[in-house]
Amino acid sequence: MDRSRIAFLIPAYNEAKTVQIVVQSLIKYGAVFVADDNSTDETALISRESGASIITNGSERGYENNLNYSFNAITSTNSFDYIITVDADGQHDAKYISDFLDIIFNKSPDIIIAQRTNLPRISEKIFSVITNLLFNLNDVFSGLKAYKLDSFIIDNFDDKKLLGSNLLNIALAKNYRLESFPIIAN
């Protein structure tokens, strides 16, 4: 598999201040898609000018529904083997992308989770304790994940609520290959 089979998906809502840096940091690694959730600022324009393809869902759907819509749009092309989600706010340093690619090319897991060592919200910290005990995962809500698409044959991602968590649940229930590594989020 080559890098042309990797899609980066950046869900964004009013991220004009940071999206350019995020897009430009990823463009050399694969195809970059910004899922603009009907932003009222120049997120889409800046993303396009930075080299990303824009997925516009037509109305503000919220984070998870924006992800669902965008997964449908990307997978309908049958052009990619993996989707790597990256937050638009710049909290994920692009230096970790080479870790993702090394794992993808050497191990071909079903899901990769970059687990933040510094969780920002108390709810994430509490949930982290539970998921660590149950699954040895500290950060299931990390926005920096990779999904092997042929492992998740789903006719319509729009039907899934909390897409990232549901795909992780599927992977855990079916004993899919999961890889993780720690990161420090900005």
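Biologist: Where is the place of Asn136?

Modeller: Asn136 is in the loop between α5 and β6 (145-148). Helices (H or I, at least four residues) and strands (E, at least two) are DSSP runs, numbered from the N terminus. This is a predicted model, in which local features need pLDDT of at least 70 and side-chain atom pairs count only at pLDDT 80 or more, while totals for chains, interfaces and linings use all residues. Residues are numbered from 1 along each chain as its sequence is written, and side-chain values use heavy atoms, with hydrogens and water left out.

Biologist: Why is Asn136 called exposed?

Modeller: Buried means under 20% relative accessible area, exposed over 50%, and partly exposed in between (1.4 Å probe, protein chains only). Asn136 has a relative accessible area of 60%, and is therefore exposed.

Biologist: What is the phi of Asn136?

Modeller: Asn136 is not a glycine, yet its phi is positive, about 60 degrees. Most residues other than glycine have a negative phi. Ser108 also has a positive phi, near 50 degrees; this residue is in the loop between α4 and β5 and is partly exposed at 25%.

Biologist: What makes the contact between Arg5 and Asp81 a salt bridge?

Modeller: A salt bridge requires a side-chain nitrogen of Lys or Arg within 4 Å of a carboxyl oxygen of Asp or Glu. For the side chains of Arg5 and Asp81 the N to O distance is 3.0 Å, and the pair qualifies. Arg5 lies in the segment before β1 and Asp81 in the loop between α3 and β4, so the bridge ties together parts that are 76 residues apart in sequence.

Biologist: How many salt bridges does the structure hold?

Modeller: There are two. Glu179 and Lys107 form a salt bridge at 3.5 Å, N to O. Glu179 belongs to strand β7 and Lys107 to helix α4, so this pair ties together parts that are 72 residues apart in sequence. Glu179, at 22%, is partly exposed, and Lys107, at 49%, is partly exposed as well.

Biologist: Which residues touch the most other members of the largest nonpolar core?

Modeller: A nonpolar core is a set of buried Ala, Val, Leu, Ile, Met, Phe, Trp, Tyr and Cys residues joined through side-chain atoms within 4.5 Å. Of the 29 residues in the largest one, Phe8, Ile10, Ile84 and Leu144 touch the most other members. The largest share, five residues, comes from α4. A second, separate core of 20 residues includes Leu67, Ile74, Leu167 and Ala171.

Biologist: How do you know that Ser47 is buried?

Modeller: Ser47 has 0% relative accessibility, and therefore counts as buried. This residue lies in helix α2 (residues 43-49). Contact means heavy atoms within 4.5 Å; leaving aside residues up to four places away in sequence, Ser47 touches Val19, Val23, Val34, Ala52 and Ile54.

Biologist: How is the span of helix α3 set against the expected value?

Modeller: The expected span of a helix is 1.5 Å times one less than its number of residues. Helix α3 (residues 63-75) has 13 residues and reaches 18 Å from its first C-alpha to its last, close to the 18 Å expected. Among the buried residues of α3 are Leu67, Phe71 and Ile74.

Biologist: Is Ile122 buried or exposed?

Modeller: The relative accessible area of Ile122 is 62%, so this residue is exposed. Ile122 lies in helix α5 (residues 122-135).
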